[in-house]
Amino acid sequence: MARIIGGIGTSHIPSLGPIIDRGLTQTPEWKPFFDGYAPVQRWLAERRPDLAIVIYNDHGLDFFLDKMPTFAVGAAAEYPPGDEGWGIRPVPTAIGDPDFSWHAIESLVDDEFDITICQELRVDHGFLVPMNLLWQSDWPVRVMPVSINVIQHPVPTPLRCYKLGQALRRAVESYDADIDVVIVGTGGMSHQLHGERAGYLSRAFDTQFLDLLESDPGRLTELSRSAYIDGAGAEAVELIMWLTMRGALEPFVRRVHRFYQMPVSLTAAGLVVFENMAESRR
Ligand code: DHB
Ligand code: FE
């Protein structure tokens, strides 16, 4: 049986792409940020998951306002990087696992999640920058991208996303192959990119979110979408991707690592790594 070994929440910041591509991660300006990812890189190198379910949002690359799926699941053999306006980055093409994806898609639809099935999907910084931060330039995992709409309102509720995570866990645990799966939620933390409150950040909101995500995620599902936007900025609603990740884990988790730095670009950047309790006892 397949199993989820743990989950990771991480910000996805487009301007990090050129920093990584130009080899600037160890400059005095950037070293403290990139050092924050060393513990998760070590954890992944030790645990060597076979597959990563990467819950991210497309920012208008392959989906746009004309057609915007609420939940979209990749079923492709590979997911090439897309051009977000400054050329295609020199990153690997992420390798898919169509057999697992089709199983997960069947399981999700049986579970009444009417997802969009993507047999072709180009991925943007919401997916690529976390892959760089977690596995650097060589990606030794197969992936299943899951894209959640956070740009065309109404976006899905936090509770619905948490339930999607629970359904993803059922999909993994009903897969008849002995593989280890890590689940990654990207985006956030507090930030707003436009309008009067552009540049708004809230360390207080983020700290409480990180605390509750670990110990009492149900409380975060009770917050409305507006509460995320009012409390932490319009684009902080991306945190529903972290809630999806948390829904796929056990109620009680062990925290492996937590890191927070603000500002990074226009965002408060966060990272959290949880292990399922059963996994940490192994
Ligand atoms: C930034 C952050 C994001 O999540 C995003 O999608 C785009 C830009 C930023 O901080 O610059
Ligand atoms: Fe984003």
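Residues are numbered from 1 along each chain as its sequence is written, and chains are lettered from A and ligands numbered from 1 in the order in which they are written. In this predicted model local features need pLDDT of at least 70, side-chain atom pairs count only at pLDDT 80 or more, and totals for chains, interfaces and linings use all residues, while side-chain values use heavy atoms, with hydrogens and water left out.

The iron ion (ligand 2) is coordinated by three groups: His12 (NE2), His59 (NE2) and Glu238 (OE), at 2.0 to 2.2 Å. Donors are N, O and S atoms within 2.8 Å of the metal (3.2 Å for Na, K and Ca); water is not among the atoms, so sites may look incomplete. Along the chain, the donors follow the spacing H-x46-H-x178-E. His59 and Glu238 link distant parts of the chain, 179 residues apart. His59 sits in the loop between strand 2 (51-56) and strand 3 (71-74). Glu238 sits in the loop between helix 9 (225-232) and helix 10 (240-247). Helices (H or I, at least four residues) and strands (E, at least two) are DSSP runs, numbered from the N terminus. Glu238 is buried, at 4% relative accessibility. His59 is partly exposed, with a relative accessible area of 28%. Buried means under 20% relative accessible area, exposed over 50%, and partly exposed in between (1.4 Å probe, protein chains only).

Aromatic pairs number 12. Rings of Phe, Tyr and Trp (its six-membered ring) pair if their centres lie within 6.5 Å; planes under 30 degrees apart count as stacked, over 60 as edge-to-face and the rest as tilted. Tyr56 and Phe127 form an edge-to-face pair, 5.8 Å centre to centre with 75 degrees between the planes. Tyr56 lies in strand 2 and Phe127 in helix 5 (residues 125-135), 71 residues apart. Tyr56 has a relative accessible area of 0%. Phe127 also has a value of 0%. The ring centres of Phe100 and Tyr175 are 5.1 Å apart and their planes stand at 90 degrees, so this pair is edge-to-face. Phe100 belongs to helix 4 (residues 98-110), and Tyr175 to the loop between helix 6 (158-173) and strand 8 (180-186). Both Phe100 and Tyr175 are buried. Ring pairs also join Trp30, Phe33, Phe34, Tyr37 and Phe259 into a cluster.

Charges sit over two further rings. The charged end of Arg160 is 3.8 Å from the ring centre of Phe113. Arg197 lies over the face of Tyr200, at 4.4 Å. The criterion is NZ of Lys or CZ of Arg within 6 Å of the ring centre and within 35 degrees of the ring normal.

The largest nonpolar core holds 54 residues. Such a core is a set of buried Ala, Val, Leu, Ile, Met, Phe, Trp, Tyr and Cys residues joined through side-chain atoms within 4.5 Å. Ile53, Phe100, Ile148, Ile183, Phe209 and Leu213 touch the most other members. Helix 6 gives the largest share, 7 residues. A second, separate core of 42 residues includes Leu44, Met68, Leu133 and Val264.

Thr221 is found in helix 8 (residues 217-221). Thr221 is buried, at 13% relative accessible area. Beyond four places in sequence, Thr221 is in contact (heavy atoms within 4.5 Å) with Pro158, Leu159, Tyr162 and Leu243.
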